[in-house]
Amino acid sequence: RGGDGPKDLTASQVTPRSPVLTWKPPSSKVSGYKLQYAIEGQAFQDVFVGADLREHKLLRLRPGSKYLVRLQSDMGGVYTEAITTEFTTGDLRFQFPSDCSQELLNGVQESGLVEIFPLSQASVPVSVYCDMEPDGGGWTVRAVAKEQLGAASASVCSVLSQKAPYFLPPLCQIPHTPFAKYHNGRHFSTRDKDRSDIRFCAMSYRGGWWYRNCHKGNLNGLYDKAHNQEVSGTP
């Protein structure tokens, strides 16, 4: 390990899910930096940082956890001796939020990407976009599997459908379809993508719904008392 390394690695602006890491660069030229971080007692994760940077913000960390950070200079493929620092993320009311409404109760006011745990804290997390602006916030707008869920995806979709039966994330959707794929075994249909089983319900009744034959409730249809396209409250 040759050359001098970075100095004074410090964690500041620590929140329940992120810190800002800063350091002083070495006097010699470097190719970049290798930054490693981990919850105490777990495996390190690597981040490679450009040579012209003097700080890096870690994101989406686990609340209420002690982290160890290591930083090395990359001297053309040779790494200098690591410098270290530690920090502890703050606590949250819901450390493993199951949806965006719990994230709102955690005090998050800005819309953005968040990891939720729809099954349990031990389940595979799902990356979602939480919309915190309309109607008080707490809306799960979009979800993407953090990794290939395999058989677990069916359970994730089942839980999410119970929490928000009229809007499921793309994890449970047909690719490129803007609405939920299934509800009670029925495809979600729109005028441009009508997947109703028996006839073109979405096109005929000008709505978006999990149509069967065709509906008893067409809440997304046109308001028109003279025809079947109105909002219907038939049980």
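User: What does contact mean when the neighbours of leucine 58 are listed?

Analyst: Contact means that heavy atoms lie within 4.5 Å. With residues up to four places away in sequence left out, leucine 58 touches Arg17, Ser18, Pro19, Leu21, Leu35, Tyr37 and Phe87. This is a predicted model, in which local features need pLDDT of at least 70 and side-chain atom pairs count only at pLDDT 80 or more, while totals for chains, interfaces and linings use all residues. Residues are numbered from 1 along each chain as its sequence is written, and side-chain values use heavy atoms, with hydrogens and water left out.

User: Which residues have the most contacts inside the largest nonpolar core?

Analyst: In soluble globular proteins, nonpolar side chains tend to be buried together. A nonpolar core is a set of buried Ala, Val, Leu, Ile, Met, Phe, Trp, Tyr and Cys residues joined through side-chain atoms within 4.5 Å, where buried means under 20% relative accessible area, exposed means over 50%, and partly exposed lies in between (1.4 Å probe, protein chains only). Here the largest core has 16 residues, and those with the most contacts inside it are Leu21, Trp23, Leu35, Tyr37, Leu58, Val69 and Phe87. Strand S2 (20–24), strand S3 (32–39), strand S4 (45–50) and strand S6 (66–74) are the elements that give two or more residues to this core, and the largest share, 4 residues, comes from S3. Strands (E, at least two residues) and helices (H or I, at least four) are DSSP runs, numbered from the N terminus. Another core, of 7 residues, lies apart from the largest one, and Val114, Ile116, Cys130 and Met132 are among its members.

User: How many aromatic pairs are there?

Analyst: A pair of aromatic rings is described by the distance of the centres and the angle of the planes. Rings of Phe, Tyr and Trp (its six-membered ring) pair if their centres lie within 6.5 Å, and planes under 30 degrees apart count as stacked, over 60 as edge-to-face and the rest as tilted. By this rule there are 4 aromatic pairs. The rings of phenylalanine 96 and phenylalanine 117 have centres 5.1 Å apart and planes at 85°, so this pair is edge-to-face. The pair links distant parts of the chain, 21 residues apart, with phenylalanine 96 in the loop between strand S7 (83–88) and helix H1 (100–105) and phenylalanine 117 in the loop between strand S8 (112–116) and strand S9 (126–131). Phenylalanine 96 is partly exposed at 21% relative accessibility, whereas phenylalanine 117 is buried at 10%. Tyr37, Tyr67 and Phe87 form one aromatic cluster.

User: Where do charged ends sit over rings?

Analyst: A charge sits over a ring if NZ of Lys or CZ of Arg is within 6 Å of the ring centre and within 35 degrees of the ring normal. The charged end of lysine 34 sits over the ring of tyrosine 79, 5.2 Å from its centre, and that of arginine 70 sits over the ring of phenylalanine 44, 5.5 Å from its centre.

User: How many salt bridges does the rule give, and which parts does the pair of arginine 17 and glutamate 103 tie together?

Analyst: A salt bridge is a side-chain nitrogen of Lys or Arg within 4 Å of a carboxyl oxygen of Asp or Glu, and by this rule the count comes to 6. The side chains of arginine 17 and glutamate 103 meet in such a bridge at 2.4 Å, N to O. Arginine 17 lies in the loop between S1 and S2 and glutamate 103 in helix H1, so the pair ties together parts that are 86 residues apart in sequence. Both count as buried, arginine 17 at 18% relative accessibility and glutamate 103 at 1%. Arginine 60 forms a salt bridge with glutamate 115, the closest N and O atoms being 3.5 Å apart. Arginine 60 is partly exposed, with a relative accessible area of 40%, while glutamate 115 is buried at 18%. Salt bridges that share partners join Glu40, Lys66 and Glu86 into one network.

User: Which residues other than glycine have a positive phi?

Analyst: Most residues other than glycine have a negative phi. Here glutamine 13 has a positive phi of about 50°, and its place is in the loop between S1 and S2, where it is exposed with a relative accessible area of 62%. Arginine 60 also has a positive phi, near 55°, and lies in the loop between S5 and S6.
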